[in-house]
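Welcome! Below is a short tour of one meeting place between two chains, with a brief stop at an annotated stretch of another chain.

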Amino acid sequence: MNFDLTEERQMLQDSLRRFLRDKYDTATRNRILESETGFSADIWSALAELGVIGALFTEEQGGFGGKGFDLAVVFEELGRAGVVEPFMDTAVLAGGLIADLGDGAQQEHVEAVIGGALQLAFAHGEPSSRYDLNRVQTTAKAEGDRIVLNGRKAVVVNAEAADMLVVSARESGDVGDEDGISLFLVPADAKGLSIEGYALLAGGRAGEVTLDEVSLPASARLGAAGKAYPVIEARMAAANVALCAETLGAMHTACELTREYLGTRKQFGRAIGSFQALAHRMSDLLIEMEQARSAVINAAGHLEGDRVGRERHVSAAKNLIGRVGRLVAEDSIQMHGGIAMTQEYELAHIAKRIVMADHRFGDTDHHLERFIALASA
Amino acid sequence: MNFDLTEERQMLQDSLRRFLRDKYDTATRNRILESETGFSADIWSALAELGVIGALFTEEQGGFGGKGFDLAVVFEELGRAGVVEPFMDTAVLAGGLIADLGDGAQQEHVEAVIGGALQLAFAHGEPSSRYDLNRVQTTAKAEGDRIVLNGRKAVVVNAEAADMLVVSARESGDVGDEDGISLFLVPADAKGLSIEGYALLAGGRAGEVTLDEVSLPASARLGAAGKAYPVIEARMAAANVALCAETLGAMHTACELTREYLGTRKQFGRAIGSFQALAHRMSDLLIEMEQARSAVINAAGHLEGDRVGRERHVSAAKNLIGRVGRLVAEDSIQMHGGIAMTQEYELAHIAKRIVMADHRFGDTDHHLERFIALASA
Amino acid sequence: MDLSYSDEERAFRDEVRAFLDEKLPKDLSDKVRKGQELGKEGHERWHAILNAQGWLAPNWPKEFGGAAWNAVQRHIFEEEAAAAYAPRIVPFGLSMLAPVLQKFGSKEQNDYWLPRILSGEDWWCQGYSEPGAGSDLASLKTTAVKEGDHYIVNGQKTWTTLGQHANMIFCLVRTDKDAKKQEGISFLLIDMATPGIEVRPIVLLDGGAEVNEVWFTDVKVPVENLVGEENKGWTYAKYLLTHERTNIAGVGFSQAGLTAVKRIAKSEMAGGRPLIENPHFAARIAKVEIDLMAMSTTNLRIISKAAAGQAPGVESSMLKVKGTIIRQEINDLARRAAGVYAMPFASEAVEGSNAALPDPLAAGPVAAQYFNNRKLSIFGGSNEIQREIIAKTTLGGAK
Amino acid sequence: MDLSYSDEERAFRDEVRAFLDEKLPKDLSDKVRKGQELGKEGHERWHAILNAQGWLAPNWPKEFGGAAWNAVQRHIFEEEAAAAYAPRIVPFGLSMLAPVLQKFGSKEQNDYWLPRILSGEDWWCQGYSEPGAGSDLASLKTTAVKEGDHYIVNGQKTWTTLGQHANMIFCLVRTDKDAKKQEGISFLLIDMATPGIEVRPIVLLDGGAEVNEVWFTDVKVPVENLVGEENKGWTYAKYLLTHERTNIAGVGFSQAGLTAVKRIAKSEMAGGRPLIENPHFAARIAKVEIDLMAMSTTNLRIISKAAAGQAPGVESSMLKVKGTIIRQEINDLARRAAGVYAMPFASEAVEGSNAALPDPLAAGPVAAQYFNNRKLSIFGGSNEIQREIIAKTTLGGAK
């Protein structure tokens with residue numbers, strides 16, 4: 001048992017933290033948020049060059065990391081700085097699924113992702129699936145040697161910028177079945193694929209993706225027909241480790257901003273941090289931060305383990321981070337007062353990242369239910 | 001709409017409060033708690049004479065009250081003083097059921113109850129029924145013109161002191177059916193009835209009641225055969241209004257003790273109430289006390305209304321009082337520190353009354369579920 | 001004790017319902033239901049309709065043109081108006097400035113300003129907060145120096161809600177620098193068109209810009225615009241803050257909000273069933289509904305006590321704290337209920353329709369509202385300040 | 001980062017399990033499982049068994065006869081011991097006094113007292129708290145006046161846990177009345193058999209009497225029983241309070257407690273199903289289990305940092321606060337789970353069997369334990385004091 005980072009991870013953490021501190025301040029990010037694409041191509045290239053994307057893939061996949069603790073280290077730093085660029089979507093989700101399932105030709109896309117040259121999106125959730133991974137109504141039907149997709153995908157993050165989308169569709173079974181779901185690589189310019197894009201509250205962009213008789217060659221399928229579910233579940237576990245780490249990083253920033261503010265802001269002739277009503281709440285936040293860090297460590301450390309252990313720790317982490325995240329976001333805003341409500345103050349964005357993380361990959365309640373179900377399974 | 005007490009209720013409240021303040025201090029009660037019977041016959045008679053029991057029955061039943069607000073006024077005062085005498089069991093529950101269902105001869109017992117001359121108990125819950133009112137496994141079988149009871153009743157409060165027990169038993173149907181449950185008046189000395197008695201943590205005594213071939217005449221049945229369930233449910237609603245009011249009273253005392261303690265106890269050279277960490281918690285308790293009072297008023301005011309409205313407001317009150325009660329009990333102890341943990345300090349008993357109220361007539365979660373079920377019904 | 005409405009109260013409720021049914025414009029209630037901004041015109045239209053009915057100023061005495069409703073009537077109106085998605089009444093002139101004028105202003109001031117508030121000729125905003133002051137309101141720095149028959153005002157106000165629509169602002173200003181903090185403050189009425197005033201919007205974290213900074217540079221204000229006595233402004237400000245704050249608990253808003261949460265949770269599916277049937281989500285709804293049922297009675301108990309001539313005192317702080325906790329909890333539930341569809345940035349919805357925005361649940365901008373309403377526990381005396389008031393009062397200044 | 005046990009750690013765990021399996025007396029683990037008091041003999045028997053194994057003093061250096069375990073080993077032992085319902089180790093001599101002696105005591109004191117702690121010859125109790133002091137420990141009033149080769153001690157200590165079994169007490173006493181509060185305090189070792197000492201039990205709200213008041217009237221204490229220097233006792237006391245407090249998070253107790261809650265909830269029926277399947281109760285269990293999983297890692301992270309030579313500092317306050325919150329929450333769940341069978345007064349169970357007490361769930365005195373463990377957040381530096389320490393440290397004394 002050992003809680004120290006390896007030397008490689010420590011170096012990556014240091015260089016990433018330094019880069020973001022120097023290049024990604026509030027004003028820069030607010031310009032990115034207001035831009036049309038919702039992300040900065042320059043930042044993307046620079047971070048790819050720094051090895052951020054490579055760290056998310058294993059050596060066999062062409063990277064130099066890819067374990068739970070690699071994801072955690074990278075995303076905690078991205079979260080601290082409130083980075084809105086779509087590393088989650090291009091690399092962890094869609095890129096990861098291609099790496100997990102792709103054949104030789106498909107694997108070439110992973111190389112492009114690691115190099116920073118390719119943008120991807122994962123189109124899986126649907127308007128009535130909420131957080132259930134198995135509820136796929138989009139259909140994939142064989143027509144001769146082609147496969148034809150029909151359906152709608154909800155809130156597909158990075159859809160507009162993606163060169164290709166990894167799309168889930170049902171080849172057999174009923175709407176709630178785990179069996180029968182396949183994944184397909186769909187080029188962004190495929191006929192019948194349309195995207196209604198919009199900005200997201202916490203930064204970045206997403207879109208409603210409609211698949212209307214999208215015809216693909218059989219070679220567009222990733223892995224075996226109808227067998228994608230367990231891979232999607234495992235990939236979502238990785239994505240949740242990344243998201244939990246990102247939120248941990250954002251919470252760290254929220255607490256640091258609050259701690260500084262309590263020490264410098266004066267009211268009634270004293271630093272407001274000298275008032276117990278605020279000081280003790282700050283103590284509680286710091287305690288819960290330690291808990292959140294432990295939950296992320298537990299989830300990251302079990303990501304390569306057996307399914308039940310992995311899913312239990314992931315759901316535990318997402319539930320705990322969801323609870324602590326709300327507390328940290330709300331209390332940080334409350335202890336700051338009005339200033340925290342303004343767009344130009346760093347905390348505004350950070351608080352949105354924290355709270356809105358609860359709306360991706362299953363919320364606090366969803367993962368509590370999952371944790372209970374896994375315990376009795 | 002009007003939130004003032006009627007003159008009669010105001011007078012009853014005043015005289016009851018005065019009596020208990022004068023006659024029921026911590027030392028007196030601790031002597032009662034340690035006595036063999038667990039209650040004081042003198043206090044019982046004196047309070048009966050004061051009209052406390054009569055206030056719990058309607059005029060038609062021989063009393064002068066019996067509405068939700070009458071129960072609330074009486075029990076709030078009993079709760080403030082931490083009274084352990086079994087008014088709930090003798091009067092509200094068993095006495096109330098006789099008044100609700102009894103025929104002419106049976107009604108005479110109500111008169112005796114009001115006069116303070118009769119002790120009763122309601123033997124309904126069973127070892128595996130938890131808080132469900134419909135789970136009755138005790139059986140009542142006709143044998144000629146006799147009825148024979150068999151079964152076990154759990155934690156029957158006031159069983160040992162009772163001259164008679166009101167016992168529920170199933171004449172037909174399955175264990176969870178509402179239909180088929182009857183009530184019987186069973187003399188304490190009935191053959192086959194045995195009681196294993198014990199003290200209760202929050203004062204008073206209870207017993208495990210075993211019914212082993214207890215043979216009764218048909219005239220022992222209260223009301224129609226198998227039709228007691230709706231009457232039990234309504235009676236439990238009244239009992240819950242009383243219990244919520246009692247707990248409100250106890251919470252009031254806990255808050256008053258804490259408020260006084262915060263103002264007088266000095267640490268670090270200051271009254272501890274001048275520390276925000278405690279002062280703001282006290283504020284929160286006072287806010288929640290107002291909410292608790294409102295919940296009791298809502299439940300009391302709907303006790304005579306339609307079933308769904310009555311049960312919704314009763315379950316809302318029991319849930320809210322359960323949540324606030326825990327907060328008040330725990331925070332009062334915490335803000336006092338060690339002194340609150342000692343038997344000889346008033347708060348020790350009061351805190352136990354508050355918390356243990358959650359174990360009678362359905363706890364916080366039970367009533368939350370009920371509230372949800374009633375909303376979707 | 002009687003929890004049911006009397007015949008008169010029931011008749012009043014029917015009258016309110018009929019009025020809302022007939023007179024509340026559909027386009028306005030639609031906007032309220034969807035969480036969109038009304039714009040200046042929308043607010044003014046609704047105010048004019050209420051004024052025509054004589055219901056614009058429920059708290060004002062009849063002599064000033066008010067409805068002079070009692071506590072129960074006000075409660076009924078607030079509940080029915082919220083349920084019908086009526087716009088909120090912009091409070092600055094009607095329920096903040098007006099009571100101060102009625103209590104402390106001159107006859108001339110009342111005769112001049114009150115009718116203009118009712119008619120909508122003036123849109124007032126509030127100049128209390130300053131960047132350096134926050135919860136320590138009395139440490140304000142904006143100065144007013146008397147020169148002849150004018151005050152010369154210099155300084156900065158902030159968090160001025162809807163200041164962009166206002167033509168008038170009432171301000172706390174410092175008229176005596178040497179006095180102790182709370183003394184030396186005066187209460188001034190200032191025309192926003194006076195040279196030297198600049199209004200700058202503050203963009204909030206939900207993308208909206210409903211609050212502003214207001215800058216004063218050598219602004220000339222006629223001395224007759226002083227309310228009451230010079231250097232007594234703190235008394236008037238406190239009166240405004242603790243007295244006659246209508247609807248501080250926001251029960252009507254919470255009830256309407258909870259109805260919306262249930263509507264969303266009925267159409268959103270989770271695990272193949274409507275979310276509202278999920279026991280964990282149902283428990284969240286039930287808990288806040290139970291709290292709100294109690295809050296509604298707490299509110300009525302307190303305001304009817306106040307109406308009967310008893311001072312609301314510390315209770316209004318209690319209503320503020322618990323009322324905002326409940327409202328914020330309901331905002332949180334709405335956000336949760338919407339699931340992934342809480343993620344889109346709905347700021348455009350604020351100003352009108354946004355065809356590109358997906359909203360299969362018709363949930364509206366629930367996440368933006370959640371963030372925006374964090375202000376409820378900060379502005380108007382933060383919940384910490386309210387707790388301090390409650391503690392100070394009930395602990396009798398333990399030292 | 002590596003969350004799995006190494007081969008050595010796994011081997012150590014197996015060794016601990018085998019030891020507990022073989023050596024832990026069944027009558028003692030039964031009592032622990034049922035929440036009953038062990039009595040003096042029970043504690044002494046278990047201590048002797050651990051001592052024979054060389055495991056009684058996990059934290060002590062080898063030179064003093066300790067096991068000198070590292071953080072992971074201690075964690076493993078605590079977890080396994082709690083799971084096996086081993087009695088807790090009475091900490092006063094072993095993990096409170098001993099580290100102070102080892103750090104500040106004379107060689108003679110260490111040579112004399114440490115072996116007696118291990119052998120069980122001395123049962124120590126703690127004389128810190130006083131009736132007027134509470135959380136403000138330094139305001140203590142018990143005096144020790146030097147007369148020749150003795151101190152004369154007068155005053156009163158309270159909350160002296162298991163003082164009824166002790167033959168020795170270590171005390172903080174005031175040796176200089178004129179010095180500032182924290183100065184002028186000394187650390188004395190006192191034989192409980194000395195004339196002038198009186199021990200009176202305090203009956204607690206759960207009916208138990210595990211704590212005592214200790215009165216000192218002209219008690220003569222030899223000067224060689226002073227630890228370290230006169231008037232430096234506060235330094236030693238703080239060392240004791242912030243350093244080397246083993247198992248402050250109580251993770252093992254919580255894990256065993258949670259197992260008990262699940263057991264009760266499996267046998268208790270609600271609505272015709274085991275309570276553990278009720279979604280609301282399952283959610284309560286799951287939340288605390290998730291918190292505890294994180295706590296276990298937090299605990300390990302912090303103690304392994306401390307073991308690596310880094311000071312535990314503010315983190316031990318964090319462990320105390322969150323650890324007690326979790327333990328108390330589990331006590332609350334046990335009480336809830338037992339339903340109506342939490343009502344009987346189980347104090348008699350404390351001292352042994354109680355045939356008349358109904359307990360179809362084998363839940364034990366869950367309500368009494370719930371009340372008794374409210375002490376966890378009060379004693380040993382209340383959670384408010386811990387929060388103050390955390391705030392002071394991290395906010396750097398904001399003024």
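A salt bridge is counted here when a side-chain nitrogen of Lys or Arg lies within 4 Å of a carboxyl oxygen of Asp or Glu. With that in mind, and remembering that this is a predicted model, we can turn to chain D and chain B: seven salt bridges are counted between them. In one of these, the side chain of Glu330(B) meets that of Arg374(D), at 3.4 Å from N to O. Polar contacts link chain D and chain B as well, with 24 residue pairs counted.

Which parts of chain D supply residues to the side that touches chain B? The elements β9, α9, α10, α12 and α13 of chain D each give at least two. The residues on that side of chain D comprise 30 nonpolar, 13 polar and 11 charged.

Here is the contact between the two chains in brief.

| Chain | Residues in the contact |
|---|---|
| chain D | 54 residues |
| chain B | 49 residues |

Between chain D and chain B, about 4,200 Å² is buried, and carbon and sulfur atoms give 58% of that area. Three residues stand out on the chain D side: Leu205(D), Met343(D) and Phe371(D) supply 18% of the area that chain D buries against chain B, more than any other three residues.

Now for the stop in chain A. An unreviewed UniProt entry annotates residues 121-199 of chain A as "domain: Acyl-CoA oxidase/dehydrogenase middle". In the model, this span is 52% strand and 0% helix, and its end C-alpha atoms lie 15 Å apart.

Definitions and conventions
Residues are numbered from 1 along each chain as its sequence is written. Chains are lettered from A and ligands numbered from 1 in the order in which they are written. This is a predicted model: local features need pLDDT of at least 70, side-chain atom pairs count only at pLDDT 80 or more; totals for chains, interfaces and linings use all residues. Side-chain values use heavy atoms; hydrogens and water are left out. UniProt positions are given in the numbering used here, feature names are shortened, and annotations may be inferred rather than shown by experiment. Helices (H or I, at least four residues) and strands (E, at least two) are DSSP runs, numbered from the N terminus. Contact means heavy atoms within 4.5 Å. Buried area is the accessible area (1.4 Å probe) that two parts lose on being put together, summed over both. A polar contact is a pair of N or O atoms within 3.5 Å; within protein, one must be able to donate a hydrogen and the other to accept it, and residues adjacent in sequence count only if both atoms are side-chain atoms. Ala, Val, Leu, Ile, Met, Phe, Trp, Tyr, Cys and Pro count as nonpolar, Asp, Glu, Lys and Arg as charged, and the others, Gly among them, as polar.
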